[in-house]
Amino acid sequence: MSQPITITKEDIFQQVKLSLQIPELVEQIVSRKIILAAAEEAGIKVEVEELQKAADFLRLTNKLTSAEDTYKWLEKHGLSVDDFEEIIYTNLISGKLTQHLFADKIEPYFFENQLNYAGVVMYEVVLEDEDLAIELFYAIKEGEMSFYDVAHQYIQDVELRRKGGYLGVLRRQDLKPEISAAVFAANPPQVIKPIITAKGVRLIFVEEIIKPELNDELHLQIGTELLGEWIHKQAEVVKIIHK
């Protein structure tokens, strides 16, 4: 095909509709408007120095080391300089509103729900045969095989096999209830009895249970969660007018 393809704003909007993304985008728009309105009502301001610092951080995060890199990035995403500044402003206002609403609520929330933020270092092999899973479970317990041996023999995915079935550090909410209940009841390091799920029989080695700590990352996560819940409640009573 030698003729150029022209893409208009109408084409992009049509594709958004055809991709069934309208509800998600409307939700994001409503959230942004609620945040901005609440920040204005609370008298929350953003200083020029804060905008500059946040802009520098955003450029650093996206590896935009020169003005040329920045303009190419803006063009790729269909953004103007004003749009770039609006992104930064909205992010800052969102963070400040979170602090305004929940600064004294994050720590109590953490202690009330800290079990949800516990982590687990675990390895997994998913099998189709329950009898085989039980056989392998007892073979590992009796020292006839290691979990590493089982992983290298029965995991089909090459990368996962190379890692011995290592899934990383997961939190309780990352796991199905029937799996998290067994995993967090383990006494690491321990291989737990096979768990039957819709996606197969799971043979799991629990290496470590990580007690939750309210560090900066988790503080930010909880604040974001609380703000999301607050926005959802506000959206339920807001009248949305489509034009």
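Visitor: Which residues form one aromatic cluster?
Guide: Tyr-123, Phe-147, Tyr-166 and Phe-205 do. This is a predicted model. The protein chain averages a pLDDT of 92, and 98% of the residues score at least 70.

Visitor: Why is the aromatic pair of Tyr-123 and Phe-205 called tilted?
Guide: The centres are 5.8 Å apart, and the planes make 45°. Rings pair if their centres lie within 6.5 Å; planes under 30 degrees apart are stacked and those over 60 are edge-to-face, so the rest count as tilted. The angle of this pair is 45°, hence the label tilted.

Visitor: What does the pair of Tyr-123 and Phe-205 tie together?
Guide: Tyr-123 is in strand S1 (residues 119-127) and Phe-205 in strand S4 (residues 200-210), so the pair links parts that are 82 residues apart in sequence. Both Tyr-123 and Phe-205 are buried.

Visitor: What makes the pair of Phe-137 and Tyr-138 edge-to-face?
Guide: Their planes stand at 70°, and edge-to-face needs over 60, so the name applies. The ring centres are 5.0 Å apart.

Visitor: How do you know whether Phe-137 is buried or exposed?
Guide: Its relative accessible area is 3%; buried means under 20%, so Phe-137 is buried.

Visitor: How do you know that the charged end of Arg-172 sits over the ring of Phe-184?
Guide: The charged end lies 4.4 Å from the ring centre.

Visitor: Where is Leu-20, and what is its phi?
Guide: Leu-20 is in the loop between helix H1 (9-18) and H2. Its phi is near 60°, a positive value in a residue other than glycine.

Visitor: Why is Leu-20 called exposed?
Guide: Its relative accessible area is 73%; exposed means over 50%, so Leu-20 qualifies.

Visitor: What about Lys-63?
Guide: Phi of Lys-63 is positive too, near 55°. Lys-63 is in the loop between H3 and H4. With a relative accessible area of 70%, against a cut-off of over 50%, Lys-63 is therefore exposed.

Terms used. Residues numbered from 1 in each chain as written. Predicted model: local features only at pLDDT ≥ 70, side-chain atom pairs only at ≥ 80, totals over all residues. Heavy atoms only, no water. pLDDT = per-residue confidence, 0-100. Phe/Tyr/Trp six-rings, centres within 6.5 Å; stacked < 30°, edge-to-face > 60°. Helix = DSSP H or I, 4+ residues; strand = E, 2+ residues; numbered from the N terminus. Buried < 20%, exposed > 50% of the residue type's maximum accessible area, 1.4 Å probe, protein only. Lys NZ or Arg CZ within 6 Å of the ring centre and 35° of its normal.
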